[in-house]
Amino acid sequence: DRRAHNSRDPAQDRVVIALLDRRAKRLLAEQRLEAASALPFYERPKAWLSALYLRVRALPAKALVERLLRDDGRLSGIFRIGTAASAILPPWLAGELVDVLGAGVVHEVLSNARARDERTGASAYYDAFDAEVALSAGEEERALTLAQRSAAQLAPGELLLRARTLAIGAEAARRLGKGTTATEFYEEAFLADPGVFRRLELEVPVRFEARGDRVAELAVSRLSGSPRLDEADGGLILRVQADRSQGSACLIGHDKSEIACGRASAKAVDDADVLAKKLVDDFHEKAFAPRIDMGQSDINSLDGTNLVRDDALKTLFDGSGS
């Protein structure tokens, strides 16, 4: 109550903070791996060890969430977005529980929560969470169907959750070999929030096109080792153009438009290796960093500052829930 919230279980706050802490550490680990791909091979082990260390540091937060959610009532309520039971859990963060608790556990909890929730519009949230469960369980067809349905029904304000759902749909379509559908989902997700691929630790299928001299070849070689990219037929085009003075690496959509571009220019002392590294680093920054106009609720949910604000989720539904 002192924090301007309705009375609720304080363990809910601890769950959200732990989930944010875990994701922040794993996100930083992904950035270290991306940076490692730009380095010469002999410099990469240090970055790999740094990423591993960050993943290990994220384990206590996972264990804390597991312990706090052993209570069935608390676990079931946390997925009822917009109610007192869910409290301040950002909708885009709920999918993290699939990785933390396991697909089977979350599936049962979602089924029970959905059966008790008759609010208009709530099904779009349950479909989004369930799509992530289905993908984790290897049920790609079901994951794709749920992602398509949820993305079509989520409110415009749910930008981060919609981006996450689109990325889940893209991955499901990719696994099913549905290239056209996957491409559509990838492009929509990039437009909504390109940072979602880094947060979900997903690869984007690409086809490389190299134009230029040795710098272009080096950049393609290093980008092919990126944890964000998977070289595959039918993927998005990643066009790398470079020479000894400058270069660009652009992700191209199906309509030939640029989704994202990284660029670099050489200084007088830069050799081919240095320019290739600059180009790879800038591509990762431009292609996978959030560059969206988020609402204040989404901005606060990224760093946990909505923990000290009025409940930002109370307007998600016409009814206040219970």
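**Close-up 1. S150 and the residues around it.** S150 touches A124, D127, A128 and T165, leaving aside residues up to four places away in sequence; a contact here means heavy atoms within 4.5 Å. This is a predicted model, where local features need pLDDT of at least 70, side-chain atom pairs count only at pLDDT 80 or more, and totals for chains, interfaces and linings use all residues. Residues are numbered from 1 along each chain as its sequence is written, and side-chain values use heavy atoms, with hydrogens and water left out. S150 sits in helix α8 (residues 140-153); helices (H or I, at least four residues) and strands (E, at least two) are DSSP runs, numbered from the N terminus. Is S150 buried or exposed? S150 is buried, with a relative accessible area of 0%; buried means under 20%, exposed over 50%, and partly exposed in between (1.4 Å probe, protein chains only).

**Close-up 2. The largest nonpolar core.** This core has 53 residues, and F197, L223, L238 and F283 touch the most other members. Helix α13 (residues 272-288) is its top contributor, giving 8 residues. A nonpolar core is a set of buried Ala, Val, Leu, Ile, Met, Phe, Trp, Tyr and Cys residues joined through side-chain atoms within 4.5 Å. Zoom in on L223 and you find it touching F208, L229, L238, V240, A249, V280, F283 and H284, again not counting residues up to four places away in sequence. Apart from this core lies another, of 37 residues, with V65, L69, L89 and L161 among them.

Close-up 3. Strand β4 (residues 246-252) and strand β5 (residues 258-265) pair in the antiparallel sense over 7 bridges; strands pair if DSSP finds at least two bridges between them. Across the pair, S248 stands opposite R263 in β5. The hairpin has 5 residues between its strands, and K256 in the turn has a positive phi of about 75°.

**Close-up 4. A nonpolar patch on the surface.** L49, L52, V56 and L59 make up this patch, with about 390 Å² of accessible area together (Shrake-Rupley method, 1.4 Å probe; for residues, only the protein chains shown count as cover). Patches take residues with over 30% relative accessible area and no salt bridge, joining like charges within 9 Å and nonpolar side chains (Val, Leu, Ile, Met, Phe, Trp, Tyr) within 5 Å. A salt bridge is a side-chain nitrogen of Lys or Arg within 4 Å of a carboxyl oxygen of Asp or Glu. Helix α2 (residues 44-57) supplies the largest share of the patch, 3 residues. V56 belongs to helix α2 and is partly exposed, at a relative accessible area of 46%.
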